Amino acid sequence: MSRNRSGTDGPATRLSHGGRGDAYAGTVNLPPFRASTILFEDVEDLNSGDPDWTKTRYGRTGNPSSHAFEEAMAELEGGYRAVSFGSGLQAITTALQAFVRLGDHLLVTDSCYGPTREFCRDMLTAQGVEVEFYDPLVAGGIEALFRPNTRAVFLESPGSLSFEVQDVPAIARAARSRGIVTMVDNTWAAGWFFKPLAHGVDISIQAATKFIAGHADSNLGIAVCNEATYRPIKKAAILLGACAGSEDLYLGLRGLRTLGVRMERHQQTGLTLATWLTSRPEVARVVFPALPDDPGHALWKRDFTGACGLFTVELKPIPRRAMAAMVDGLRLFGIGFSYGGFESLILPTSPAKSRSATEFKAEGPLVRIHCGLEEPADLIADLEQGFARLTQEAAR
Ligand SMILES: *Cc1c(COP(=O)(O)O)cnc(C)c1O
């Protein structure tokens with residue numbers, strides 16, 4: 001409750017107490033608010049309007065569940081206000097549509113999440129937007145790509161699957177000096193290890209599906225905005241009919257309470273596994289900015305306060321069936337999309353296929369690993385047996 005808040009509270013304290021402004025019969029957690037219709041007192045009340053979207057007038061446009069989650073997320077990422085969505089991808093597509101239209105030029109990182117690329121390439125292009133994919137290592141050189149009609153830059157750092165760390169402050173600075181809007185997909189850092197708005201970015205977007213919800217049981221998105229970008233995004237969300245379900249908002253808010261301890265554990269296990277994997281003869285390299293010899297390590301260290309346990313492993317060249325023998329027999333790593341849940345995942349992946357401006361070079365097969373909350377020693381034992389199957393199959 002707000003009476004317990006203090007401006008000097010640290011991050012973990014804020015996670016526990018953010019977005020708890022409304023007390024409901026003394027419950028600690030706000031129950032999911034289920035409503036489409038909200039009844040008005042009278043005609044005057046109906047006509048009173050809600051110019052800043054702070055009231056509860058209709059389920060889709062804002063209600064106690066969305067207000068609480070948005071307030072807590074804005075606090076986590078240091079934003080003015082936030083807008084919640086039914087999925088991470090809906091947060092991305094709505095934020096883009098809020099700013100780019102016919103005749104505009106949009107710069108998108110070549111390392112972005114696959115469906116983000118497809119939306120830009122297939123839908124925005126059809127709407128008359130000039131979409132240009134840029135090298136994630138461009139840094140301040142982005143300035144040379146700006147055109148008179150450049151409206152927005154879409155960043156993701158580290159990149160999906162390939163994990164390049166971008167010089168976010170340099171890109172944000174260059175864009176701001178030209179009045180170009182910047183938005184970053186901040187899902188990997190979960191808003192816990194990286195604060196884009198403090199580095200000059202206008203909008204920080206997350207698939208709250210991942211670490212915020214944290215239990216692999218919800219699709220949820222969030223766009224944390226500064227004061228200049230909140231209205232256009234909220235307006236676009238309303239015009240596009242985008243909103244999150246109350247059950248998912250509840251799960252997002254509930255997951256948020258333990259985000260700090262979970263992220264620290266994901267990080268520790270990630271470092272342990274990544275370091276162990278680097279020493280394995282079957283592994284060509286581990287692509288993970290938290291490792292000291294990763295090309296993105298210095299930038300990551302400068303701007304981030306930590307790393308989640310999500311990285312890509314390039315195996316030495318082997319037949320695909322040898323990689324499959326390793327992956328198929330794992331006991332603790334599930335094969336599946338997404339990440340950020342309490343359970344470990346492994347996913348064969350090919351970042352090279354979803355690039356157009358740059359190349360992703362790899363000799364051997366690649367797998368992406370999400371380190372869950374299990375015991376690191378058990379995960380290592382599981383992978384060790386996997387490598388034995390891999391070696392056996394490769395020798396056949
Ligand atoms: C998963 C993911 C998304 C999309 O989230 P959904 O909730 O599945 O729509 C967007 N960006 C990144 C980086 C993701 O990993």
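The lining of the largest pocket in this predicted model divides into 12 nonpolar, 13 polar and 7 charged residues. Of the 32 lining residues, Y113, G114, P115, F337 and R368 lie nearest the centre of the pocket. Helices α4 (88–99) and α5 (114–124) and strand β11 (345–349) each supply at least two residues of this lining.

The second largest pocket has a volume of about 430 Å³. Its lining is made of 24 residues, and those nearest its centre are S162, R285, V287, D294 and P295. By class, the lining of the second largest pocket divides into 12 nonpolar, 4 polar and 8 charged residues. Strand β8 (residues 283–287) gives the most to this lining, with 5 residues.

Strands β8 and β11 also belong to an open sheet of 5 strands, in the order β8-β9-β12-β11-β10, with mixed pairing. Because β8 and β10 (334–335) stand at the edges and each has a single partner strand, one side of each is left without a neighbour in the sheet. Further in, strand β9 (residues 310–315) pairs with strand β12 (residues 366–370) in the antiparallel sense, over 5 bridges. L310 has H370 in β12 as its bridge partner.

Two helices that pack on the sheet complete the picture. Helix α9 (residues 259–278) touches β8, β9 and β12, and its direction makes about 10 degrees with that of β9. Helix α11 (residues 320–328) touches β9, β10, β11 and β12, and its direction makes about 165 degrees with that of β11.

Methods
Residues are numbered from 1 along each chain as its sequence is written. This is a predicted model: local features need pLDDT of at least 70, side-chain atom pairs count only at pLDDT 80 or more; totals for chains, interfaces and linings use all residues. Side-chain values use heavy atoms; hydrogens and water are left out. On a 1 Å grid over the protein atoms alone, a cavity is a set of points where a 1.4 Å probe fits but cannot get out, and a pocket is an open set with protein on both sides within 12 Å along at least five of seven lines; lining residues have an atom within 4 Å of a point. Helices (H or I, at least four residues) and strands (E, at least two) are DSSP runs, numbered from the N terminus. Ala, Val, Leu, Ile, Met, Phe, Trp, Tyr, Cys and Pro count as nonpolar, Asp, Glu, Lys and Arg as charged, and the others, Gly among them, as polar. Grid points are joined across faces, edges and corners, and a volume is the space filled by probe spheres set on the points. Two strands pair if DSSP finds at least two bridges between them. Contact means heavy atoms within 4.5 Å. Axes are lines fitted to C-alpha atoms, for helices over the stretch in contact, and angles run from 0 to 180 degrees between N-to-C directions.
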